[in-house]
Amino acid sequence: MPNGGSDCCMTCWFNRKNRGERDWQKHRSDREPDYCTIRAVTIDSAAWTYCANHPLRRPDRDPVPIGPITRNLMKGDNDREAWIQSPDTEEIRLHLLWLLDGLFEHTARGWYPIGDSLAEVIIWQLGQFRERRAFRTLQWITENLPGPLENAARNSLNLIRAGD
């Protein structure tokens, strides 16, 4: 496992260096740089860089960018900060809304103990986009799902309201 955890870009099938596989050791000797094919960005520290599209979080091989690319600050196990924000397009917004509408179906198989859950990233990103079409579902989450999802939904609702 790479030092940054098994959910890093080094182990991702969207890293061009891995040639569509999750096997990071197979291609590590290549001189080709680490490059994210779904975000079109060179990754200079693949063992310490992450996103919600990683196979451990989104095993359905989702090529639409979900949330930001984050990096580990090397201060603690869960100390990741946004490095590159998600692109904001209608296609990405519609995809996030689709994921939100089937939140439990889409997030049930993707789990990793470090960092925000896939569900939290989806909810957070819709708030960052101030996506009004998510309002009703986010409101339902705040009323019915106590805990981290409630908090994420409440924060996103506040951002959406502030955008009015």
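## A buried arginine and a salt-bridge network

Arg 39 counts as buried, at 13% relative accessibility. Buried here means under 20% relative accessible area, exposed means over 50%, and partly exposed lies in between (1.4 Å probe, protein chains only). The model is predicted: local features need pLDDT of at least 70, side-chain atom pairs count only at pLDDT 80 or more, and totals for chains, interfaces and linings use all residues. Residues are numbered from 1 along each chain as its sequence is written, and side-chain values use heavy atoms, with hydrogens and water left out.

**Around Arg 39**

Arg 39 sits in the loop between β1 and β2 (41–42). Leaving aside residues up to four places away in sequence, Arg 39 touches Cys 51, Asn 53, Pro 65, Ile 66, Gly 67, Pro 68, Ile 69, Ser 86 and Pro 87. A contact means heavy atoms within 4.5 Å. Glu 150 is another matter: Arg 39 and Glu 150 are 111 residues apart in sequence and 29 Å apart in space, C-alpha to C-alpha.

**Overall build**

The protein has 5 helices and 5 strands. Along the sequence the pattern is β-β-β-β-β-α-α-α-α-α. Helices (H or I, at least four residues) and strands (E, at least two) are DSSP runs, numbered from the N terminus.

Along its principal axes the C-alpha trace spans about 50 × 30 × 25 Å.

Buried residues make up 49% of the 164 residues. Of the contacts between residues at least 6 apart in sequence, 55% join residues at least 24 apart. The accessible surface comes to about 8,600 Å², and 50% of that surface belongs to carbon and sulfur atoms. Areas come from the Shrake-Rupley method with a 1.4 Å probe; for residues, only the protein chains shown count as cover.

**Charges and salt bridges**

There are 22 positive and 23 negative side chains. Lys and Arg count as positive and Asp and Glu as negative, while His and the chain ends are not counted. The centres of the two sets lie 2 Å apart. Each charge is placed at NZ of Lys, CZ of Arg, CG of Asp or CD of Glu.

The whole structure holds 12 salt bridges. A salt bridge is a side-chain nitrogen of Lys or Arg within 4 Å of a carboxyl oxygen of Asp or Glu. The table gives some of them.

| Salt bridge | Closest N and O atoms |
|---|---|
| Arg 19 with Glu 32 | 3.8 Å |
| Asp 88 with Arg 93 | 2.7 Å |
| Glu 131 with Arg 93 | 2.7 Å |

Arg 19 forms a salt bridge with Glu 32. Both residues lie in the segment before β1 (35–36), so the pair ties together parts that are 13 residues apart in sequence. Arg 19 is partly exposed, at 46% relative accessibility. Glu 32 is also partly exposed, with a relative accessible area of 24%.

Arg 93 pairs with Asp 88 and with Glu 131. Glu 131 lies in the loop between α3 (118–128) and α4 (135–144) and Arg 93 in helix α1 (residues 90–101), so that pair ties together parts that are 38 residues apart in sequence. Arg 93 is buried at 15% relative accessibility. Glu 131 is buried at 3%. Asp 88 is partly exposed at 43%. These residues belong to a network of salt bridges that links Asp 88, Glu 90, Arg 93, Glu 131 and Arg 133.

**Positive phi**

Most residues other than glycine have a negative phi. Arg 61 has a positive phi, near 55°. Arg 61 is found in the loop between β3 (49–50) and β4 (69–72) and is partly exposed, with a relative accessible area of 38%. Arg 130 also has a positive phi near 55°. Arg 130 lies in the loop between α3 and α4. Its relative accessible area is 38%, which makes Arg 130 partly exposed.

**Asn 18**

Asn 18 lies in the segment before β1. Asn 18 counts as buried, at 0% relative accessibility. Asn 18 and Ile 114 are 96 residues apart in sequence and 23 Å apart in space, C-alpha to C-alpha.
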